[in-house]
Amino acid sequence: MVMEGAASPAGSPRNTEGVGISCQSVSAGYLGSPVLREISFAIDKPGIYVVLGPNGAGKTTLFRTLSGILRPYQGNVLIDGLPIDRQQSRNRLHYLSHADGLPEGLTVREALDLYAQLERATSADVDRVLDLVNVRELSDRFLPQLSAGQKKRVSVARLFLQDRAIYLLDEPTANLDPKMAREIRTLILDLSREKIVLYSSHNLFEAREIGRYVLAIKNGRLALFDRIENLRGTHFVVGVRVLEPSEALTGWSREGDYFLRELPGPEAVPAFIRDLESRGVQIRELREMNNPLEDLFT
Amino acid sequence: MIPTLTAGSATSEGPPSLLGITIRRSMVLGRFFLVYGTGISVLLGVVLGLVSRSSFAAAFPLLLPIFASVGSMGGLAVFTSDRLKGTLEYFMAYGFSPRRLFLNFLTATLVLVSIVVSVGLGVGVGLYLARGNAFTPGLAVAFGLYAVPMSFASAAFAATMGMYWSALSSPRAGMNSPIGLAPFIGILPPVTTLFIVVALGASGATTSVTTFYAIAVAVMALVVVFVVLLLALINRFLRRERLLSPA
């Protein structure tokens, strides 16, 4: 499976040794028990690559292995062709764990100063990210005084201290309110124009909205690596919301205000709308009711 | 057109030292222990110095390591907090090895010990001298051969055991946590020394000051060897996944 020159699983004749991130038959886990089994893929073009999978599938383990925190039991992780255990490789990555990882005993400003030191960023960079993720007013507060969402914002701020080629983001919008989650997604989308972003989320609508590719992990194995737009659900169900009740919809199953109908696929939608209108149905809204990404969890 | 990948800075330099900030955080997170250990050491020095010259010379060097060990718990407090909150995970992603992280927290612990010992000794001995007492060779030996090295050995023992314990066990709170129990671990070396001396005396063996120092030096040597051994075996017993947040 070759992804139009943007990303490909290993075994493809390209990309396994070049620029970007390459995972070659990697098995990894905890205390000798493998969680990931022979995962292989290669990514060399910018974009958001959404990592999906049910709880316990191995998403976090994949991020920890790609970032060099866990050592693979077998196989190799290469960053720009160099093994991940080389410092040069690590210095090309940004990693955001699902845990905030903020050092207690410091104020927000001091914590970001510490990470700026580790990133070889400057005090001016800290000032910039304080404004970027809207935590300037929190800068003198000690970390235990922050809410979970505020901590997440500070944690996300670290990502923008220094420019990196590859971003590994494990649930970056968890615990954030919708407004802040949207702002962070926008920042990440901007990043993805020039960077490789691996992004895990349990929010399938978010994943579909921002993702360009999907890597699905099931039982520790790479079950799918494809463009999100190529994914088709096993069922294509649309919901119709109407202005006035109509006899034409009698007998249709319902979900809330929506009358449901299964269609062969998105290409059948225009004819479906014409048919409803010809029968006098006044359509207020029509939407796809299921998300094809849901099928990756079954 | 598909945009090309732009690289960030990718030096081959390792991550910079965390020691300065770790010492500072140890003082903040372990402030109760630091204030308590230093305060009791000073109080002890003042009270014993006021009671009599012999009381100070006999008891102060013996008790100082206990409170120095208690006062240095901040290093372990930071390690435990960083593990639980996932901060160690970030540090490893930046390229810190588990051994380097351990040494960082251990060094911070030893800096805290030096604060307690310096303040305790400074105030205690200063007051002792101010009262017209002489700093005898016996007192110098008591501090140089027992109180100071035993303070560092006990604190290193407590911190190393506590870090191993914290990394190898599930998170616990309160007195049953590594932080709750480490002070008791820290007093083991001086208490063991005293116990051996008392046991020898009770068994009818002749004990002298020389015997006491010989036993103390032997206990300290054992403790140092044990700590060095644990540090050497970090890669074997404390694999990287042991330092990850359990959350």
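**Reading a predicted two-chain model**

Modeller: A:Lys151 counts as buried, with 23 C-beta neighbours inside 10 Å. The model is predicted, so local features need pLDDT of at least 70 and side-chain atom pairs count only at pLDDT 80 or more, whereas totals for chains, interfaces and linings use all residues. Residues are numbered from 1 along each chain as its sequence is written, and chains are lettered from A and ligands numbered from 1 in the order in which they are written.

Biologist: What is the surrounding of A:Lys151, leaving aside its neighbours within four places in sequence?

Modeller: A residue is buried if 20 or more other C-beta atoms lie within 10 Å of its own, exposed if 12 or fewer, and partly exposed in between, with C-beta atoms placed from the backbone. A:Lys151 belongs to helix α5 of chain A; helices (H or I, at least four residues) and strands (E, at least two) are DSSP runs, numbered from the N terminus. Beyond its neighbours within four places in sequence, A:Lys151 is in contact with A:Asp100, A:Leu102, A:Leu143 and A:Leu146, where contact requires that the C-beta atoms of two residues, placed from the backbone, lie within 7 Å. A:Leu82 is 69 residues from A:Lys151 in sequence and 33 Å from it in space, C-alpha to C-alpha.

Biologist: How is chain A divided into domains?

Modeller: Domain bounds come from an automatic or database domain assignment. In chain A, domain 1 covers 7–230 and domain 2 covers 236–297. Their centres, taken over C-alpha atoms, are 37 Å apart. Nine residues from domain 1 of chain A and five residues from domain 2 of chain A form the contact. On the domain 1 side, α7 (204–210) and β10 (213–218) of chain A are the elements that give two or more residues; α7(A) gives the most, with four residues. By class, this domain 1 side has eight nonpolar, no polar and one charged residues. Here Ala, Val, Leu, Ile, Met, Phe, Trp, Tyr, Cys and Pro count as nonpolar, Asp, Glu, Lys and Arg as charged, and the others, Gly among them, as polar.

Biologist: How many helices and strands are there in chain B?

Modeller: Chain B has eleven helices and zero strands. Its C-alpha trace spans about 85 × 40 × 35 Å along the principal axes. Of the 247 residues in chain B, 43% are buried. Among the chain B contacts with a separation of 6 or more, 89% join residues 24 or more positions apart.

Biologist: At what angle do α7 and α8 of chain B pack?

Modeller: Two packed helices are described by the angle between their axes and the distance between the axes. Helix α7 (residues 137–168) and helix α8 (residues 178–186) of chain B pack at about 145°, their axes 8 Å apart. Axes are lines fitted to C-alpha atoms, for helices over the stretch in contact, and angles run from 0 to 180 degrees between N-to-C directions. The residues that meet include B:Phe157, B:Met161 and B:Trp165 in α7(B) and B:Pro183 and B:Ile185 in α8(B). By class, this contact has nine nonpolar, four polar and no charged residues.

Biologist: How many residues of chain B are in contact with chain A?

Modeller: In chain B, 35 residues are in contact with 40 residues of chain A. The chain B elements that give two or more residues are α1 (19–29), α4 (74–84) and α5 (87–93); the largest share, five residues, comes from α5(B). This side of chain B has 16 nonpolar, eleven polar and eight charged residues. For the complex, the predictor gives an ipTM of 0.83 and a pTM of 0.85.
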